[in-house]
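Me: Hi! Could you walk me through this one while I have it open?

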Amino acid sequence: PLFFSQRTLSHPYDLEEPTLLPIASAPSPDGEDEDGANASASASAAPSPKFAHVATSCSACHTIALTTDGIAYGWGRNEANQLGLATGPCPSVGRPVPLSGPWGDVALVGAACGKSHSVLVDAGGRAYTVGSNVRGQCGINSSQDHVPRWRKCSVPAGGGDGADAGGERGDGPARIVRAACGEEFTVLLSS
């Protein structure tokens, strides 16, 4: 199956003139980045990556962008920790900061943003979520109202009916290829 970022990259005009954004390390409460430098000074020294996919929505005031290398950056509103920053919730993040989570070094290929939650999809077909879960929008099979750190979504084995495309029972979770979010819901598409 093709992932959104792979389809985007198949068009040569998508990367002809990439938008350059100042990149910063994750902010700390005292305004310094993780290296102890002033965040505005370190942003100008960092090279800007090429972005293959940018996720936001009409109800979200935050954005997640994925690079051509599968690294996620986030910025914007973060009062529900919808960016999943290790520093925890903060009112807002003014410029792109790298996001990290349980996917480790596996490339990220999809992202979606709801009003106060976010979803990332990795190249292995796993979805991860963070932020508000008041309506169960994080898909973690829990009544927990808030997901403070990135967590793997609960996905049924072999897809929604438990069978793969050939009618065989799946022996593991469905492979997620795309995610979409609304204000307080998430939709995951499996292969």
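Predicted model: local features only at pLDDT ≥ 70, side-chain atom pairs only at ≥ 80, totals over all residues.

Me: Is His117 buried or exposed?
Reply: Its relative accessible area is 0%, so His117 is buried.

Me: Which side chain does it have a polar contact with?
Reply: That would be Thr186: the side chains of His117 and Thr186 are joined by a polar contact of 2.9 Å.

Me: Back to β6 itself. What sheet is it in?
Reply: β6 is part of an open sheet of four strands, in the order β5-β6-β7-β8, and the pairing is antiparallel.

Me: Which strands stand at the edges?
Reply: β5 and β8 do. Each has a single partner strand, so one side of each has no neighbour in the sheet.

Me: And by how many degrees are neighbouring strands turned against each other?
Reply: On average by 10 degrees in this sheet, ignoring direction.

Me: How many bridges join β6 to β7?
Reply: Five, with the two strands running antiparallel. To find your way along that pairing, look at Val121, whose bridge partner in β7 is Ala127.

Me: How many residues of β9 are buried?
Reply: Five of the seven in residues 176-182, so β9 is largely enclosed by the rest of the structure.

Me: Switching to aromatics. How many pairs are there?
Reply: The count is three aromatic pairs. In one of them, the ring centres of Phe51 and Tyr73 are 5.8 Å apart and the planes are at 85 degrees, so this pair is edge-to-face.

Me: Where are those two in the chain?
Reply: Phe51 is in strand β1 (residues 51-55) and Tyr73 in strand β3, so to speak a link between distant parts of the chain, 22 residues apart. Phe51 and Tyr73 are both buried.

Me: What about Trp103 and Trp150?
Reply: Their ring centres are 5.4 Å apart with the planes at 75 degrees, so that pair is edge-to-face as well. Trp103 is in the loop between β4 and β5 (108-113), while Trp150 is in strand β8, 47 residues apart. Both Trp103 and Trp150 are buried.

Me: Which residues make up the ring cluster?
Reply: Trp103, Tyr128 and Trp150, linked by ring pairs.

Me: Now the core. Which residues have the most contacts inside the largest one?
Reply: The largest nonpolar core has 22 residues, and those with the most contacts inside it are Ile64, Leu66, Ala72, Leu99, Leu120 and Trp150. At least two residues of this core come from each of β1, β2 (62-67), β3, β4, β5 and β7.

Me: What does the second core include?
Reply: That separate core has nine residues, among them Val109, Ala112, Cys153 and Cys181.

Me: Cysteines, then. How many disulfides are found?
Reply: Zero, in a search of the whole structure. Cys113, for example, is in no disulfide, and the nearest cysteine sulfur, that of Cys181, is 7.0 Å away.

Me: Why does Cys113 count as buried?
Reply: Because its relative accessibility is 2%, and the cut-off for buried is under 20%. Cys61, on the other hand, is partly exposed, with a relative accessible area of 48%.

Me: Last topic: backbone angles. What is phi of Asn81?
Reply: Phi is near 55 degrees there, which is a positive value in a residue other than glycine. Asn81 is in the loop between β3 (72-77) and β4 (92-98), and it counts as buried at 0% relative accessibility.

Me: And Asn141: what is its phi, and is it buried or exposed?
Reply: Phi of Asn141 is near 60 degrees, again a positive value in a residue other than glycine. Asn141 is exposed, with a relative accessible area of 74%. You can find Asn141 in the loop between β7 (127-132) and β8 (146-152).

Definitions and conventions. Residues numbered from 1 in each chain as written. Heavy atoms only, no water. Buried < 20%, exposed > 50% of the residue type's maximum accessible area, 1.4 Å probe, protein only. Disulfide = S-S within 2.5 Å. Phe/Tyr/Trp six-rings, centres within 6.5 Å; stacked < 30°, edge-to-face > 60°. Polar contact = N/O pair within 3.5 Å; in protein donor to acceptor, adjacent residues only side chain to side chain. Pairing = 2+ DSSP bridges. Axes fitted to C-alpha atoms, helices over the stretch in contact; angles between N-to-C directions. Core = buried A, V, L, I, M, F, W, Y, C linked by side-chain atoms within 4.5 Å.
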